[in-house]
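Dear colleague,

Please find the structure below.

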Amino acid sequence: MKDKIYIFDTTLRDGEQAPGAAMGIQDKLQVAHQLEALKIDIIEAGFPVSSQAQFEATEMISRELNYPTIAGLARASKSDIDKAGEALKAANRKRIHTFIATSPIHMEYKLGKTPDEVLKMAVEAVSHAKTAADEVEFSPEDGCRSDMDFLVEIVQAVIEAGATTVNIPDTVGYVLPEEYGKIIATLRERVPNIDNAVLSTHCHNDLGMAAANSLAGVKNGARQVECTINGIGERAGNAAMEEIVLAVKTRSDFFEGIETDIKTTEIAKASKLVSRLTGFAVAPNKAIVGSNAFAHESGIHVHGILKNRETYEIMTPETIGLEGNRMVLGRHSGKAGFKKRCEEMGYKLSEDELKTAFDKFCQLADKKKEVFDEDIAAIISDDIRKEEQ
Ligand code: KIV
Ligand code: ZN
């Protein structure tokens with residue numbers, strides 16, 4: 001039997017909380033349909049109490065989607081939970097995700113509450129949410145800067161109250177992979193009823209650790225990962241869905257039987273859609289979905305790739321739905337890559353012709369960032385034979 005990781009996508013909630021990433025209702029619906037095409041298990045559609053637009057988007061997504069569970073976020077308050085329950089009403093499977101901060105700094109300065117008061121509010125919230133949804137998820141906000149004994153106590157209490165998922169947010173992206181893994185392992189060891197809930201990761205990327213922390217959580221027993229497309233989210237963002245899914249798939253040797261249900265061939269499409277609708281460009285060197293993620297220029301690399309793609313590709317671009325890799329011609333290119341492109345363009349060159357053309361190419365490549373097919377056509381003079389393929 002496979003050991004499944006549930007993918008909880010929060011592009012439409014935490015992702016959209018990134019300054020400047022707000023999407024209209026129709027745009028959110030378009031993203032939600034693409035998330036369904038990806039076979040995301042749980043979609044966090046919004047934070048219904050926070051605005052009318054959030055409420056309507058959650059309501060519409062609940063109505064229109066079939067396969068995923070739809071989640072709505074709610075603070076640990078009755079009115080938030082009721083609003084979320086109302087927005088989720090039409091969903092085939094509904095989840096209320098309720099949260100309250102548990103770190104000393106958040107409890108004192110943000111909530112002005114004692115740990116006992118916070119614990120009571122968490123339990124009441126979970127008990128109430130159970131009446132309005134099929135599933136209840138609880139998050140101790142800023143969990144990774146919380147006291148471990150208190151975390152153990154509150155996790156045990158919310159599971160007793162009926163939480164079916166317990167999510168451990170690294171709200172401010174503070175911890176390192178070993179530490180995050182240890183928190184998950186400790187909860188598994190010390191919370192007696194932990195097997196009655198799914199443990200989940202929710203990692204922010206302030207120190208660039210979001211994907212690594214999430215995977216450390218998985219390695220230590222978490223079976224849900226919360227993430228966003230392209231890693232968008234507050235400040236430096238959330239764990240990127242594509243990084244988690246491809247890491248588990250590409251390093252199946254390391255993850256030993258752990259799998260996701262994600263249809264990876266839909267990833268490139270999802271990335272482009274979210275980038276277009278949020279206006280957030282994807283950096284060329286972004287793992288998995290950046291435009292350079294499957295591009296090769298240097299002579300040594302291209303030479304290797306032409307002999308065997310696995311020399312410099314640990315996964316194929318086809319896996320994420322791209323048509324193939326991109327061989328870039330520029331100042332780092334070698335003769336093998338240049339010759340291959342000439343052949344693809346229909347030029348059959350003798351050794352002397354190739355040498356002449358490659359010399360001209362090197363001169364041009366020193367002046368330009370990238371040499372395109374039109375440049376090659378201009379380089380290859382009329383006396384060099386062109387045979388239609
Ligand atoms: O980062 C965070 O703590 C959150 C919670 C609301 C889960 O997004
Ligand atoms: Zn978050």
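Leaving aside its neighbours within four places in sequence, which residues is histidine 202 in contact with? They are Ser139, Asn167, Ile168, Pro169, Asp170 and Glu226, where two residues are in contact if their C-beta atoms, placed from the backbone, lie within 7 Å.

Please note that this is a predicted model, in which local features need pLDDT of at least 70 and side-chain atom pairs count only at pLDDT 80 or more, while totals for chains, interfaces and linings use all residues. Residues are numbered from 1 along each chain as its sequence is written, and chains are lettered from A and ligands numbered from 1 in the order in which they are written.

UniProt, in an unreviewed entry, places the feature "binding site" at Asp14, His202, His204 and Asn238; such annotations may be inferred rather than shown by experiment. These residues span 225 residues in sequence, yet no two of their C-alpha atoms are more than 10.3 Å apart, so they gather at one spot.

Histidine 202 belongs to strand 8 (residues 198-203); strands are DSSP runs of E, at least two residues, and helices are runs of H or I, at least four, both numbered from the N terminus. Histidine 202 is buried because 30 other C-beta atoms lie within 10 Å, the cut-off for buried being 20 or more other C-beta atoms within 10 Å of the residue's own.

Asparagine 238 sits in the loop between strand 9 (224-227) and helix 10 (241-250). Asparagine 238 is buried as well, with 33 other C-beta atoms within 10 Å. Not counting residues up to four places away in sequence, asparagine 238 touches, among others, Asp14 and His204.

Technical notes:
Buried ≥ 20, exposed ≤ 12 C-beta atoms within 10 Å, placed from the backbone.
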